[in-house]
Amino acid sequence: MYSPPPDPDTERSMRAHHARAAKALNARVEPGGEFWGWAGRTLGAPARTADGTPAWLRLVSAPADKASGKLWDGALDAHHAFGDLDGHRPALLAIHDAVDDGTAYRAELSLRVDRPVLSDDPILQHDLQLPHCWWQELAGTLEKVSAVDTDRVAVRQQYMDRAIPQFLGIPAPAVTCWTTAHSDVHWANLTKPLRLLDWEGWGRAPEGFDAATLYAYTLLQPDTAARVRNVFPILGSPAGLAAEATVCAQLLQTVARGDNLVLEDQLRDWSEQLRQR
């Protein structure tokens with residue numbers, strides 16, 4: 001989704017450090033197509049490597065004393081853990097770190113994805129007619145992700161124990177299996193042909209978490225939502241209950257904060273179904 005540039009001082013600083021990172025990585029930024037992340041924390045733009053390969057240069061900033069941990073290292077950790085996932089994850093080409101006046105900057109140069117995302121909004125606003133092979137590739141890719149061993153955590157049991165009773169009114173279901181998840185599988189992170197973007201938050205989560213997340217962001221489109229459930233039969237099964245309840249609670253929490261209000265009715269219907277299982 002498009003996010004407007006931040007305040008002028010932050011914008012100037014981010015642009016300057018983005019240009020410095022491009023020079024350090026021997027990359028040439030191309031005009032147009034820049035993308036600002038939330039509150040100006042990230043700035044991405046199309047670029048080319050020294051040999052002309054289309055790339056994407058993303059700069060992320062954080063206070064220097066907070067420039068570590070899961071989100072900061074997500075892309076680099078994903079590079080080491082998954083590689084390019086048989087071409088379904090944009091390969092990370094290089095990283096450049098810098099610190100200036102108490103702020104840390106990390107530049108990530110990745111292969112450019114040459115197809116637009118399937119939706120400008122994480123929430124699917126129209127039905128999609130995707131071929132069977134696309135769905136099978138998605139299911140196979142997420143299965144490969146789930147099998148990777150990691151000590152990164154995407155969902156904590158403590159959160160489930162607190163949020164599910166608060167937002168669904170039931171005790172947190174027992175997790176029968178913890179697996180590795182991308183943890184942010186929605187329609188603004190997917191392309192056709194299949195590429196899965198944005199690997200900041202990946203880690204361990206209840207089995208079926210990625211399928212439940214995609215289903216949640218598809219609730220406004222019943223036909224596509226039914227396709228999600230068909231492709232991922234863990235949804236609706238006892239083994240998937242913990243993941244579904246967690247995702248539903250997460251999004252109901254965002255609704256309580258004033259976000260994703262368009263999903264509220266569907267989320268409440270889903271939560272009622274989960275309470276009855």
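Colleague: Where does T224 sit, and is it buried or exposed?

Modeller: T224 belongs to helix α6 (residues 222-231). Helices (H or I, at least four residues) and strands (E, at least two) are DSSP runs, numbered from the N terminus. Buried means under 20% relative accessible area, exposed means over 50%, and partly exposed is in between, using a 1.4 Å probe and protein chains only. T224 comes out at 2%, so it counts as buried. Keep in mind that this is a predicted model, where local features need pLDDT of at least 70 and side-chain atom pairs count only at pLDDT 80 or more, while totals for chains, interfaces and linings use all residues. Residues are numbered from 1 along each chain as its sequence is written, and side-chain values use heavy atoms, with hydrogens and water left out.

Colleague: Which residues does T224 touch?

Modeller: Contact means heavy atoms within 4.5 Å. Leaving aside residues up to four places away in sequence, T224 touches L124, D127, L128, W135, W187 and T218. There is also a polar contact, which is a pair of N or O atoms within 3.5 Å; within protein, one must be able to donate a hydrogen and the other to accept it, and residues adjacent in sequence count only if both atoms are side-chain atoms. Here a polar atom of the T224 side chain lies 3.4 Å from the backbone nitrogen of L128.

Colleague: How many aromatic pairs are there?

Modeller: Rings of Phe, Tyr and Trp (its six-membered ring) pair if their centres lie within 6.5 Å; planes under 30 degrees apart count as stacked, over 60 as edge-to-face and the rest as tilted. Searching the whole structure gives six aromatic pairs. Take F82 and W199: their ring centres are 5.1 Å apart and their planes are at 45 degrees, so this pair is tilted. F82 is in helix α2 (residues 70-82) and W199 is in the loop between β9 (195-196) and β10 (203-206), so the pair ties together parts that are 117 residues apart in sequence. F82 is buried at 10% relative accessible area, and W199 is buried at 6%.

Modeller: Then look at W135 and W187, with ring centres 6.2 Å apart and planes at 75 degrees, so that pair is edge-to-face. W135 lies in helix α3 (residues 132-146) and W187 in the loop between β7 (178-181) and β8 (190-191), so parts that are 52 residues apart in sequence get tied together. W135 is buried, with 1% relative accessible area, and W187 is buried at 0%.

Colleague: Which charged end sits over the ring of W199?

Modeller: A charge sits over a ring if NZ of Lys or CZ of Arg is within 6 Å of the ring centre and within 35 degrees of the ring normal. For W199, that is the charged end of R89, 5.6 Å from the ring centre.

Colleague: What about strands: which strand does β3 join?

Modeller: Two strands pair if DSSP finds at least two bridges between them. Strand β3 (residues 42-48) runs antiparallel to β4, and seven bridges join them. T42, for instance, has V60 in β4 as its bridge partner. Nine bridges join β4 to strand β6 (residues 103-111), also antiparallel, and R58 stands opposite E108 in β6.

Colleague: Why is β4 called largely enclosed?

Modeller: In strand β4 (residues 54-63), seven of the 10 residues are buried, so the rest of the structure largely encloses it.
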